[in-house]
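Biologist: Before we go into details, could you take me through how a strand and its surroundings are read in a model such as this one?

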Amino acid sequence: MKALVVYDTTYSNTGKIAKAIGAALTGDVKVLRAAEVNAAELNSYDLIVIGSPTYGGRPMPSVADFMNKISESAINGKKVAAFDTRIPTKIVKIFGFAADRIAKNLKDKGANLVVPAEAFYVAGKEGPLKDGELERAAVWAKTLIK
Ligand SMILES: Cc1cc2nc3c(=O)[nH]c(=O)nc-3n(C[C@H](O)[C@H](O)[C@H](O)COP(=O)(O)O)c2cc1C
C-alpha cells in the first residue's frame, strides 16, 4: 500500500505524531510537511492521512492552504484520515478542532474517511506531548490499514 502522511507543525509535536503514524503504517509510506506536497499528485496514494495543530479551532494556515488545493477529482473515493494536536482543556471546545474540519473538508470532496478524526494531546502550547500519545498514534495508525 502507498500511504502519505501530510502535516505541519510549529513546536514539533504534530510532526512527532505524524512520524509515529508513518512508522506504524506498512508498505510505501511518505511523511511530508504540507508545503512539500503537490496536491495534484494525491491520486497516486492509496491512503492519505492529514494532520495539524489546532489553532483557534482550525488547522494551521499551511495545512488549510493545502486543503484548499485538494480538488474533488484528486481525493474522491480515496481512503483518508485526519488528526490534530490540541490542549486538553474544556474551554477550547467552543472553537471546534482542526481534525474535524480537515475530515469534513475531505468528506465534502467525496473522500472515504476510514476512521473518525482523532486528537492527540499536548500538555501546553509548545508541548510536550502527553505521556503515551506517540504509542496511541501508532495504535491509531494500525486501525487505518485494517
Ligand atoms: C495561537 C494558538 C492557538 C491555539 N488554539 C488552540 C485551540 O483552539 N484549541 C486547542 O485545543 N489548542 C489550541 N492551541 C494549542 C495548540 O494546538 C498546540 O500548541 C499544538 O498542538 C502544538 O502543535 P505543534 O507542536 O505541532 O506546533 C493553540 C496554540 C496556539 C499557539
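This is a predicted model: local features need pLDDT of at least 70, side-chain atom pairs count only at pLDDT 80 or more; totals for chains, interfaces and linings use all residues.

Biologist: Which other strands pair with β3, and in which sense, parallel or antiparallel?

Modeller: β1 and β3 pair in the parallel sense over five bridges, and within that pairing V6 stands opposite I50 in β3. Strand β4, residues 58-59, is joined to β3 by two bridges and runs antiparallel to it, with Y55 standing opposite R58 in β4. These two strands, β3 and β4, form a hairpin with two residues between them, and G56 in the turn has a positive phi of about 55°.

Biologist: Is β3 enclosed or open to the outside, and why?

Modeller: Eight of the nine residues of β3 are buried, so the strand is largely enclosed by the rest of the structure.

Biologist: How should I read the nonpolar residues, and what is the largest nonpolar core here?

Modeller: The general idea is that, in soluble globular proteins, nonpolar side chains tend to be buried together. In this model the largest nonpolar core has 44 residues, and those with the most contacts inside it are V5, V6, I21, I48, A82 and I102. At least two residues of this core come from each of β1 (2-7), α1 (13-24), β3 (47-55), α2 (61-69), β5 (79-86), α4 (98-108) and α5 (133-144).

Biologist: With which residues is V6 in contact, leaving aside its neighbours within four places in sequence?

Modeller: Once those neighbours are left aside, V6 is in contact with L32, A34, V37, I48, I50 and F66.

Biologist: Which residues of α4 are buried?

Modeller: In α4 the buried residues are A98, A99, R101, I102, A103 and L106, and just after this helix G110 takes a positive phi of about 90°.

Biologist: Why is D65 classed as partly exposed?

Modeller: D65, which lies in helix α2, has 14 other C-beta atoms within 10 Å and is therefore partly exposed, because a residue counts as buried at 20 or more and as exposed at 12 or fewer. As for its place relative to A34, D65 and A34 are 31 residues apart in sequence and 8.5 Å apart in space, C-alpha to C-alpha.

Key: Residues are numbered from 1 along each chain as its sequence is written. A nonpolar core is a set of buried Ala, Val, Leu, Ile, Met, Phe, Trp, Tyr and Cys residues joined through C-beta atoms within 7 Å. Helices (H or I, at least four residues) and strands (E, at least two) are DSSP runs, numbered from the N terminus. Two residues are in contact if their C-beta atoms, placed from the backbone, lie within 7 Å. Two strands pair if DSSP finds at least two bridges between them.
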